[in-house]
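Student: I would like to learn how to read the features of a protein model, step by step. Could we go through it together?

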Amino acid sequence: MSTPYASAAPYYARYRPPYPAELYALLADRFALDGSQTVLDLGAGPGTIGLPLAPLVEQVYAVDPEPAMLAEGCALAEEQGRRNISWLRGDAAGIGRLCLPRIDLCVIGDAFHRMDRARVAADLDAVLAPRGGIAVVTSLAAAWPAVVDEVRARFLGPGTGTGTGTAYGAPTRRADTPADHVRDAEDQLAKSEFSRVGTTMWERSARCTVDQVIGLQFSRASSHPALLGDRKDAFASELRRALLDHDPGGTYTRTVTVAATVATRPRR
């Protein structure tokens, strides 16, 4: 059964920016990816990490609780000719029920911060190969112009985008900021069997059009179309007007930092 967040799936697939090539180079180096490995993409969404990783490995298992996200990912894989991705419905609380083969690498995006992180690490200990590990990828983006939050607050109330999440496992309190997310990932993994932890960051400027800014709002758990209901078009229209009043040029630039927190078992 789909959740209300299903309405975000096409926007997530279209408007979420790709991760930098340096991320995949790092993973290839750290885990000696040579086309023979098996990867678990947990909380995969439409395969934002798993699709670009697929050419480097033998098999990717993309797992997400939302069927609409899996459908978007499957369509993208078909378009890209990626035949080595299996799209599985499931969540972080059911890793043991997925009956996966031995996994060499588990990649998790921002969904990690809505998971029961201690339990996920413990469950992954049972399925990851001795030299395998976990890579948590977090996006840290500078804020949009204030008018974006102002319009969101008028339609959805103040403080949207915070709170708790349950979609990927037991309810967990979300960290307050993306920087807190990185520290939380490091702290949680350091307490697990994968206690050899390090974080690498890359910074870049991202340029978005008005349509892209609006599409990104619809991709968010806190402002997806199902939440807006019949106010969706009015929200888009008002946000477009506010953005163009802020900058008639219609192009918005912000700094995006991607952090990869890689955790492996201590060397023995």
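Tutor: We will take cysteines, salt bridges and surface charge in turn.

Tutor: This is a predicted model, in which local features need pLDDT of at least 70 and side-chain atom pairs count only at pLDDT 80 or more, while totals for chains, interfaces and linings use all residues. Residues are numbered from 1 along each chain as its sequence is written, and side-chain values use heavy atoms, with hydrogens and water left out.

Student: How many disulfides does a search of the whole structure find?

Tutor: A disulfide is a covalent bond between the sulfur atoms of two cysteines. In practice, a pair of cysteine sulfur atoms within 2.5 Å is counted as one, and the search of the whole structure finds zero. Cys 99 is in no disulfide, since the nearest cysteine sulfur, that of Cys 106, is 16 Å away.

Student: Are Cys 99 and Cys 106 buried or exposed?

Tutor: Buried means under 20% relative accessible area, exposed means over 50%, and partly exposed lies in between (1.4 Å probe, protein chains only). Cys 99 has 70% relative accessibility, so this residue counts as exposed, whereas Cys 106 is buried because its relative accessible area is 0%.

Student: How many salt bridges does the structure hold?

Tutor: Side chains of opposite charge can pair when their charged atoms come close. The rule asks for a side-chain nitrogen of Lys or Arg within 4 Å of a carboxyl oxygen of Asp or Glu, and the structure holds eight such salt bridges. One of them joins Arg 83 and Glu 78, with the closest N and O atoms 3.1 Å apart, and both of these residues are exposed.

Student: Which parts of the chain does the salt bridge between Asp 211 and Arg 240 link?

Tutor: Their side chains meet at 2.7 Å, N to O. The pair links distant parts of the chain, with Asp 211 in helix 8 (residues 210-218) and Arg 240 in helix 10 (residues 232-246), 29 residues apart. Helices are DSSP runs of H or I with at least four residues, and strands are runs of E with at least two, numbered from the N terminus. Asp 211 is partly exposed because its relative accessible area is 41%, and Arg 240, at 34%, also counts as partly exposed.

Student: Which residues gather in a patch of positive charge on the surface?

Tutor: A patch of charge is made of residues with over 30% relative accessible area and no salt bridge, like charges being joined within 9 Å. Here Arg 30, Arg 131, Arg 196 and Arg 267 gather in this way. Arg 196 lies in strand 8 (residues 196-209) and is partly exposed, because its relative accessibility is 33%.

Terms used
Patches are made of residues with over 30% relative accessible area and no salt bridge: like charges are joined within 9 Å, nonpolar side chains (Val, Leu, Ile, Met, Phe, Trp, Tyr) within 5 Å. Accessible areas come from the Shrake-Rupley method with a 1.4 Å probe; for residues, only the protein chains shown count as cover. Lys and Arg count as positive and Asp and Glu as negative; His and the chain ends are not counted. The place of a charge is taken as NZ of Lys, CZ of Arg, CG of Asp or CD of Glu.
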